[in-house]
Amino acid sequence: MPGLPLLLLLLLWDVGSHGFPTASSGAQEQDAELVQNYLRKYYHLRTGTNKPSRQRSSSLVTEKLKQMQMFFGLKVTGKADADTLTLMRQPRCGVPDVAPYTLGEKTLRWEHTHLTYRLENYTPDLPRADVDRAIDRAFQLWSNASALTFTRVSEGQADIMISFVWRDHGDNNPFGGPGNILAHAFPPGGGIGGDVHFDEEKRWTKDFRDFNLYHVAAHEVGHSLRLLHDGDIESLMFSNYNYYGDNLLTQRDIDAIQALYGPSKNPIQPRERQVPQACDSKLTFDAITKIRGELYFFKNRFFLRTGPFYKTGELGAIADFWVPLSRGVDAAYEVASRDEVFFKYSKVWAFNAAKMRRGYPKDIYHSLGFPHTVKSIDAAVHEEESGKTYFFVASKYWRYDENTRSMDTGFPKEIAHGFPGIGKKVDAVFQERGFFYFFRGKSTDLILTQSGF
């Protein structure tokens, strides 16, 4: 049996790609406007004062689209394809992706390593103590990684002024209300230099819901210290919002801040990488499923998915399509043309075309009929021919009828009896051409079993 990485590559190449539905003709004008605005704001798309020819304008857009796709690691097509549009719609920082903070030959940075900061006002979304704590931790994060130190002051002018503002707030960088810009910051310098502005029309939290204030503040403070956006999806300085919990800095972030201000006297450990690599011989999966003809391999907060022009799979963040599942999934399956179903702990989510169904998430006990002894689902797979869904939990499996919305009688059964050769545990499973493909641990064995048990 070939090794797991080779099998993964073969599967990624073999399975056809259909993707999510493309925009309707009625939405094409909105997409075109989105592309123009995005490239103007983040990639300096300029059309000049004189109206250019249609051909020249199209060439400029194509060039900037390629630059953006290259920055984010997308397939470089120069076209506003579905993946590019999806990324453009994600919540993100308002600082451009191509904005070198330089003045002549001099790189902008703070000339002193002890800086002050001050909160000018507070968001009503959180108690003041929680806001203070989030902002203080954001500065402490960078202090722990470099020679910088910070002091919060309560009055007067500070090096870095922090405020929650609405729409047009006088800095020529208005927020757009319910749009996707979360915050922005200015590079080091006098006046507005170093200042951080949060969009008050967003909902700020101290956990994974909506937008975590600590996470966004830490990113924006990075800009205040002169750090640029990083195309690495795991970097804190990645343009789009990806919440990883409290441990934010990668080695790239640490290297970047130390290159400007020197190392910390007490070195900190970077966050371990969570991004899956298709050729990693030690790669394991949290869940695997086909969705609208594409094969998704879920790992941590990310997925690898198939595509028509690449063999190793395309990397994406789960939050790009399924925002409530940004922390990862335990299991997943699709009922074709109806739902994409995901599990995390004892909860189940159902989506249609990446839009969450009303009433979800639900618990697995009342919605599916699992006993309360089941705390999470290890793997799940749906069999279209029979309308049955198989759930794998520890050494047992259940069979669920999607038509009657009920568990079949006589279950659970032992995996070893129903699927000989699989063993006593399953990490991930999907169906393809009448077979179940089972994955388990770091084993290099991929076990195929005829479905229909």
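Predicted model: local features only at pLDDT ≥ 70, side-chain atom pairs only at ≥ 80, totals over all residues.
**Before you start**

Residues are numbered from 1 along each chain as its sequence is written. Local features need pLDDT of at least 70 and side-chain atom pairs count only at pLDDT 80 or more, while totals for chains, interfaces and linings use all residues; side-chain values use heavy atoms, with hydrogens and water left out.

**Stop 1: the whole chain**

Show the protein chain as a cartoon. It has 9 helices and 26 strands; these are DSSP runs numbered from the N terminus, with helices being H or I of at least four residues and strands being E of at least two. Of the 453 residues, 52% are buried (buried means under 20% relative accessible area, exposed over 50%, and partly exposed in between, with a 1.4 Å probe and protein chains only).

Take contacts between residues at least 6 apart in sequence: 57% of them join residues at least 24 apart (contact means heavy atoms within 4.5 Å).

**Stop 2: the annotated group of four**

Select His169, Asp171, His184 and His197, which UniProt lists under "binding site" in an unreviewed entry. UniProt positions are given in the numbering used here, feature names are shortened, and annotations may be inferred rather than shown by experiment. The four are spread over 29 residues of sequence, yet they cluster in space, with a largest C-alpha distance of 12.0 Å.

Zoom in on His169, in the loop between strand 5 (160-165) and strand 6 (183-185). Setting aside neighbours within four places in sequence, which residues is His169 in contact with? They are Pro174, Phe175, His184 and His197.

**Stop 3: Asp125**

Asp125 lies in the loop between strand 3 (114-119) and helix 5 (128-145). Is Asp125 buried or partly exposed? It counts as partly exposed, because its relative accessibility is 32%. Leaving aside neighbours within four places in sequence, Asp125 is in contact with Glu200, Lys202, Arg203 and Trp204.

**Stop 4: a pocket and a cavity**

For this stop, protein atoms alone are placed on a 1 Å grid: a cavity is a set of points where a 1.4 Å probe fits but cannot get out, a pocket is an open set with protein on both sides within 12 Å along at least five of seven lines, and lining residues have an atom within 4 Å of a point. Grid points are joined across faces, edges and corners, and a volume is the space filled by probe spheres set on the points.

The second largest pocket has a volume of about 390 Å³. To find its centre, select Phe72, Gly73, Leu74, Leu315 and Gly316, the closest to it of the 21 lining residues. Helix 4 (82-88), strand 12 (302-305) and strand 13 (314-317) are the elements giving two or more residues to the lining, and strand 13 supplies the largest share, 4 residues.

Then look for the cavity: by this rule the count is 1 of 30 Å³ or more. The largest cavity has a volume of about 80 Å³. Cys93, Leu182, His219, Ser239 and Tyr241 are closest to its centre among 15 lining residues. Helix 6 gives the most to this lining, with 4 residues.

**Stop 5: backbone details**

Select Arg226, in the loop between helix 6 (213-224) and helix 7 (251-261). Arg226 has a positive phi of about 100° although it is not a glycine. Arg226 counts as buried because its relative accessible area is 17%. Tyr345, in the loop between strand 15 and strand 16 (347-352), is another residue other than glycine with a positive phi, near 55°.

Finish with two prolines. The peptide bond from Tyr360 to Pro361 is cis, with omega near 5°; Pro361 sits in the loop between strand 17 (355-356) and strand 18 (362-363). The bond from Phe411 to Pro412 is cis too, with omega near 15°, and Pro412 is in the loop between strand 22 (406-407) and strand 23 (413-414).
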